[in-house]
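Please view the sequence and the structure together before reading on.

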Amino acid sequence: LSANYLQAEYIPAEEESVFSESHVLVEDDSLFAVVRVDESWHLGRFNDGLELEARTDRAVNPDTYLAREDGYIWAQDDEGRIGSFSIDDLAAHGE
(Lines give C-alpha, C1' and ligand atoms only; values in the text may rest on other atoms or scores of the structure.)
Protein backbone atom coordinates (compact mmCIF):
# COMPACT_ATOMS: atom_id res chain seq x y z
CA LEU A 1 0.00 0.00 0.00
CA SER A 2 1.25 3.44 -0.77
CA ALA A 3 1.24 6.36 1.63
CA ASN A 4 -1.21 8.10 -0.73
CA TYR A 5 -4.02 5.85 0.53
CA LEU A 6 -3.37 6.91 4.10
CA GLN A 7 -3.07 10.60 3.25
CA ALA A 8 -6.35 10.54 1.37
CA GLU A 9 -8.06 8.97 4.41
CA TYR A 10 -10.20 6.96 2.01
CA ILE A 11 -11.24 3.43 2.92
CA PRO A 12 -14.26 2.16 1.02
CA ALA A 13 -16.35 -0.55 2.61
CA GLU A 14 -19.60 -2.00 1.35
CA GLU A 15 -21.44 -2.93 4.53
CA GLU A 16 -19.03 -1.90 7.24
CA SER A 17 -17.90 1.60 8.09
CA VAL A 18 -14.42 2.42 9.34
CA PHE A 19 -14.13 4.23 12.67
CA SER A 20 -13.14 7.76 11.66
CA GLU A 21 -10.39 8.00 14.29
CA SER A 22 -9.17 4.42 13.98
CA HIS A 23 -5.49 3.70 14.29
CA VAL A 24 -4.24 2.23 11.05
CA LEU A 25 -1.58 -0.43 10.69
CA VAL A 26 -0.06 -1.30 7.31
CA GLU A 27 1.60 -4.70 7.02
CA ASP A 28 2.84 -5.93 3.62
CA ASP A 29 -0.18 -5.62 1.30
CA SER A 30 -2.76 -5.36 4.09
CA LEU A 31 -4.22 -2.45 6.01
CA PHE A 32 -5.75 -3.00 9.47
CA ALA A 33 -8.35 -0.63 10.96
CA VAL A 34 -11.41 -0.69 13.24
CA VAL A 35 -14.72 -1.28 11.42
CA ARG A 36 -18.34 -1.15 12.60
CA VAL A 37 -20.31 -4.40 12.47
CA ASP A 38 -23.94 -3.94 13.49
CA GLU A 39 -23.74 -2.25 16.92
CA SER A 40 -20.09 -3.03 17.73
CA TRP A 41 -16.57 -2.36 16.50
CA HIS A 42 -14.17 -5.02 15.19
CA LEU A 43 -10.67 -5.14 13.78
CA GLY A 44 -10.76 -5.44 10.00
CA ARG A 45 -8.14 -6.34 7.39
CA PHE A 46 -8.25 -4.72 3.96
CA ASN A 47 -6.30 -5.82 0.88
CA ASP A 48 -4.26 -3.50 -1.35
CA GLY A 49 -7.48 -2.71 -3.28
CA LEU A 50 -9.02 -1.56 0.05
CA GLU A 51 -11.57 -4.37 0.06
CA LEU A 52 -12.43 -5.84 3.46
CA GLU A 53 -11.04 -9.39 3.57
CA ALA A 54 -11.46 -10.37 7.22
CA ARG A 55 -12.67 -9.08 10.57
CA THR A 56 -12.46 -10.28 14.15
CA ASP A 57 -15.29 -12.16 15.83
CA ARG A 58 -14.46 -10.40 19.11
CA ALA A 59 -15.46 -6.73 19.46
CA VAL A 60 -12.66 -4.21 20.06
CA ASN A 61 -12.47 -0.76 21.62
CA PRO A 62 -12.72 1.65 18.66
CA ASP A 63 -9.95 3.81 20.19
CA THR A 64 -7.55 0.88 20.47
CA TYR A 65 -3.93 1.22 19.45
CA LEU A 66 -2.82 -1.49 16.99
CA ALA A 67 0.55 -3.19 17.25
CA ARG A 68 2.12 -6.08 15.33
CA GLU A 69 4.36 -8.76 16.80
CA ASP A 70 5.22 -12.32 15.72
CA GLY A 71 2.34 -12.80 13.28
CA TYR A 72 -0.31 -11.19 15.48
CA ILE A 73 -2.06 -7.84 15.73
CA TRP A 74 -2.52 -6.71 19.33
CA ALA A 75 -5.58 -4.64 20.24
CA GLN A 76 -7.78 -3.79 23.22
CA ASP A 77 -11.17 -5.51 23.25
CA ASP A 78 -14.43 -3.83 24.21
CA GLU A 79 -14.01 -4.99 27.84
CA GLY A 80 -10.57 -3.40 28.21
CA ARG A 81 -8.46 -6.55 27.85
CA ILE A 82 -5.46 -6.65 25.50
CA GLY A 83 -5.64 -9.54 23.06
CA SER A 84 -3.89 -10.79 19.95
CA PHE A 85 -5.38 -11.71 16.59
CA SER A 86 -3.77 -13.72 13.80
CA ILE A 87 -2.63 -11.56 10.89
CA ASP A 88 -3.79 -14.27 8.48
CA ASP A 89 -7.46 -14.60 9.47
CA LEU A 90 -7.90 -12.28 12.51
CA ALA A 91 -8.82 -15.23 14.73
CA ALA A 92 -8.31 -14.47 18.41
CA HIS A 93 -5.12 -16.08 19.72
CA GLY A 94 -5.86 -18.83 22.22
CA GLU A 95 -9.48 -19.35 21.23
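In this predicted model, L90 is buried, with a relative accessible area of 2%. The residue belongs to the segment after β8 (82-86). Although L90 is not a glycine, its phi is positive, at about 60°.

A second residue with a backbone angle of this kind is D70, whose phi is positive at about 50° although D70 is not a glycine. D70 is found in the loop that runs between β6 (67-69) and β7 (72-76). Is D70 buried or exposed? With a relative accessible area of 61%, D70 is exposed, whereas L90 is buried.

The table sets out the two residues.

| Residue | Phi | Relative accessible area | Location |
|---|---|---|---|
| D70 | about 50° | 61% | loop between β6 (67-69) and β7 (72-76) |
| L90 | about 60° | 2% | segment after β8 (82-86) |

The wider setting of these residues is the fold as a whole.

The protein has 95 residues, of which 39% count as buried; L90 is buried. Of the contacts between residues at least 6 apart in sequence, 33% join residues at least 24 apart. The accessible surface of the protein amounts to about 5900 Å², and carbon and sulfur atoms account for 40% of this surface.

Terms used. Residues numbered from 1 in each chain as written. Predicted model: local features only at pLDDT ≥ 70, side-chain atom pairs only at ≥ 80, totals over all residues. Heavy atoms only, no water. Buried < 20%, exposed > 50% of the residue type's maximum accessible area, 1.4 Å probe, protein only. Contact = heavy atoms within 4.5 Å. Areas by Shrake-Rupley, 256 points an atom, 1.4 Å probe, with all protein chains shown as cover. Helix = DSSP H or I, 4+ residues; strand = E, 2+ residues; numbered from the N terminus.
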